[in-house]
Amino acid sequence: SVSGVALAAAIGAFGGDADKGLKTLEGITERHVELAQKLIAAGQVNISVQDTPDFIHLDLTLTGGEKSCRVVVKGTHTNIVELYINGEAQVLADKQSTVTQQETLATFSLAEAFDFISEVEFADIAFILEAARLNSALAEEGKSKKYGFNGTFSDAVKNGLLSNDLLSKVIINTVAASDARMGGAPVVAMSNFGSGNQGIAATMPVVTVAEHLNADEETLARALALSHLTAISIHSRYTRLSALCAASTAAMGAAAGMAWLFTRDLQTINTAIINMISDITGMICDGASNSCAMKVSSVVSSAFKAV
């Protein structure tokens, strides 16, 4: 069976809901997939790369009989800047700027994040526990079915090739969620900086260590808040689409959260992140695929060892 970008493009010809934004393919059926695969098999889906200064630039044309529709997207994944129906330009009421700009996010330091999570009222950050609930459910989905990589880890523990220690539990719980996510499980992930895998990497190691330490909900919430804030602080210094794997920066957040659970000490947290930076900086993104789960295993292992 066909998978990947070609299939996603072909499905758009038969199904999908534009009003759902990035969840546009939610609700597609096996019939949609079947029709899309036939379209690809007939050689009707063509994808090429355009040299462009924009970080995100998509130019799509759909033709049926004598009719055609062309859509140009720039800047962000849902920002349509040009629309043509049968070659005629259409007026767009809500078009954003065609100039690709990095969103301006006020940068903040690790010390500021540490002070915030230490002093903030629990009620104000209790919502972050939803990240633990959602991503833990995704991990359970990944462990209940053989999505791929996680089954290999679990089998290795069962066969005595890996020890069943806290590090292994951190890896297995996090990889299971990533595995399910990249394997197409219909389970929602809580993201970080717009990425499900980053949300998983910033959440599950902290959840696993908190459970090991029998931490209460308030302690978990503060640790998760520090993890997610640290990941945001580091990743906000990236460009919108970077050649570097962002799971590594998300796991630096996890290192901060785990170190806080063990010590409550800012210097230890700072040093753990420095250890990670010297370990995995330079991990290259090769596109969203099942290999993301392998990368997630590498970065959360690095995070735990750094701590």
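Ser298 is partly exposed, with a relative accessible area of 32%, where partly exposed covers the range between buried (under 20% relative accessible area) and exposed (over 50%), taken with a 1.4 Å probe on protein chains only. The model is predicted, so local features need pLDDT of at least 70 and side-chain atom pairs count only at pLDDT 80 or more, while totals for chains, interfaces and linings use all residues. Residues are numbered from 1 along each chain as its sequence is written, and side-chain values use heavy atoms, with hydrogens and water left out.

**Ser298 and its helix**

- Ser298 lies in helix H12, residues 291-306; helices (H or I, at least four residues) and strands (E, at least two) are DSSP runs numbered from the N terminus.
- Between Ser298 and Ile280 the C-alpha to C-alpha distance is 8.4 Å, although 18 residues separate the two in sequence.

**Ser195 and helix H8**

- Ser195 sits in the loop that runs between helix H7 (166-182) and helix H8 (196-212), and Ser195 is buried, with a relative accessible area of 17%.
- The side chain of Ser195 reaches the backbone nitrogen of Gln198 at 3.1 Å, and at the start of H8 a side-chain oxygen of Ser195 also comes to within 3.4 Å of the backbone nitrogen of Asn197.
- Such a polar contact is a pair of N or O atoms within 3.5 Å; within protein, one must be able to donate a hydrogen and the other to accept it, and residues adjacent in sequence count only if both atoms are side-chain atoms.
- H8 has 17 residues and spans 24 Å from its first C-alpha to its last, close to the expected 24 Å at 1.5 Å a residue, the expected span being 1.5 Å times one less than the number of residues.
- Because 15 of the 17 residues of H8 are buried, H8 is largely enclosed by the rest of the structure.
- Asn214, which follows H8, has a positive phi, near 55 degrees.

**Helix H5**

- Helix H5 (residues 129-144) has 16 residues and reaches 23 Å from its first C-alpha to its last, close to the 22 Å expected.
- Among the buried residues of H5 are Leu129, Leu134, Leu138 and Glu141.

**The sheet**

- Four strands form an open, antiparallel sheet in the order E1-E2-E3-E4, and its edge strands, E1 (57-64) and E4 (88-89), each pair on one side only.
- E1 and strand E2 (residues 67-74) pair in the antiparallel sense over eight bridges; two strands pair if DSSP finds at least two bridges between them.
- The bridge partner of Leu60 in E2 is Val71.
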